Amino acid sequence: MAKILVQVDKDLADIMPTFLNNRTKDIEIITQALVKADMKSIEVVAHKLAGNAGGYGLAELGLIGKEMEAASKQQNVDEVKKLFQRMKDYLENLVINFV
Amino acid sequence: MDLRNKTILVIDDDDDLCLLLQKMLGGSGLNVVRASSASAGLELLKKHAPHIILLDLKLGEENGLTFLQQKKLLPNPELIPVIIMTALNDKRVLALCLSLGAVDFIIKPISSPKLLIKIKKHLKDASFPTINLRSERAFASLECEGDLTHLNEVSCLVRSSIRLKNGAELKLKAQFLEDLGLNNLSFRTVGQGLYESSGRFNNEVAFLGITERQAQQIRMLTTHVKR
């Protein structure tokens, strides 16, 4: 998959590592929740992602969170899995340029 | 509008968003205090009396509506404006928030310029009232700079920017008085302070309980002694 280049305000450079590190934790939580079909936990994680990622300049990640929140509310496991894969791909290929 | 010395209470259970808000708001000079639940928010509201509150609607087990309901029970709940942060653009919920005292909304994701515009707008509209403390004035303590300009055995003149009323008890601290051993005396004004010039007043202050030894020390000084 091609790299995803995103320009982010340089003022956020010092807090971005914490934000991205917490997304790694989200991936662990969602992975475990999927095993247990625990949609409620996924909804909580996705809701936060929907609310915070855009503020960090990662609008697409925020949209994935929004869609995942809606899918988990509807107990749509297949859709959640698809969105989860998109989330992982996005984070894996993300290249941030602080401007 | 100057945001320095203004306190904002952020109530949100999302650590990442709070870190971002701390960055945005703290960078503008606001003092940010944070709670991650409605109940903790209420405690911090009572403890800090913030100028404005940013409230998330979804707070884990609790929600922002609980906070608004509880805030409404406090005295003068309208004094501290609450801006709702939400990812949901649900008009029914937002109308409920308004009925519970919220003043505005900001839809997530939050951008710094939009948020600051809203905060400034509502800080401008809100102001804490002056409180009448007449019944408390006997307990007030005021410290002010002054010049000790004249002195005799029974009183001294204190020039200050404050006009003291007749019979006011006060404490005087000056190296000069300490050197004379007068620092442990009680002091009380005699008559009301008289306007001198440039916003300064001459206040005559009597010494209470002065000993003969202390009076003798004063008599030994020349007049028109300036501190």
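This is a predicted model: local features need pLDDT of at least 70, side-chain atom pairs count only at pLDDT 80 or more; totals for chains, interfaces and linings use all residues.
Let me start with chain B, where five strands form an open sheet in the order 2-1-3-6-7 with parallel pairing; strands here are DSSP runs of E of at least two residues and helices are runs of H or I of at least four, numbered from the N terminus, and two strands pair if DSSP finds at least two bridges between them. The edges are strand 2 (31-35) and strand 7 (104-107) of chain B, each of which pairs on one side only, and the twist from one strand to the next averages 20°.

Residues are numbered from 1 along each chain as its sequence is written, and chains are lettered from A and ligands numbered from 1 in the order in which they are written.

Returning to the sheet, strand 6 (residues 82-86) and strand 7 of chain B pair in the parallel sense over four bridges, and B:Met85 has B:Ile106, in strand 7 of chain B, as its bridge partner. Helix 1 of chain B packs on the sheet, where it touches strand 1 (7-11), strand 2 and strand 3 (52-56) of chain B, and its direction makes about 165° with that of strand 2 of chain B. Helix 3 (residues 64-72) of chain B also packs on the sheet, touching strand 1, strand 3 and strand 6 of chain B, with its direction at about 145° to that of strand 3 of chain B. For these angles, axes are lines fitted to C-alpha atoms, for helices over the stretch in contact, and angles run from 0 to 180 degrees between N-to-C directions; contact itself requires that the C-beta atoms of two residues, placed from the backbone, lie within 7 Å.

What does helix 3 of chain B meet in helix 2 of chain B? B:Gly64, B:Thr66, B:Phe67, B:Gln70 and B:Lys71 in helix 3 of chain B meet B:Ala38, B:Gly41, B:Leu42 and B:Leu45 in helix 2 of chain B, and the axes of helix 2 (residues 38-48) and helix 3 of chain B come within 9 Å and cross at roughly 35°.

Turning to chain A, the elements run β-α-α-α-α-β from the N terminus on. Helix 2 (residues 39-52) of chain A has 14 residues and reaches 20 Å from its first C-alpha to its last, close to the 20 Å expected at 1.5 Å a residue, the expected span being 1.5 Å times one less than the number of residues. Is this helix largely enclosed or largely open? Ten of the 14 residues of helix 2 of chain A are buried, so this helix is largely enclosed by the rest of the structure; a residue is buried if 20 or more other C-beta atoms lie within 10 Å of its own, exposed if 12 or fewer, and partly exposed in between, with C-beta atoms placed from the backbone. Among the buried residues are A:Ile42, A:Val45 and A:Leu49, and what covers the buried residues includes helix 1 (16-35), helix 3 (59-73) and helix 4 (77-93) of chain A, together with helix 1 (15-26) and strand 4 (58-59) of chain B.

As for the two chains together, eleven residues of chain B are in contact with 15 residues of chain A, and helix 1 of chain B gives the largest share of that side of chain B, five residues.
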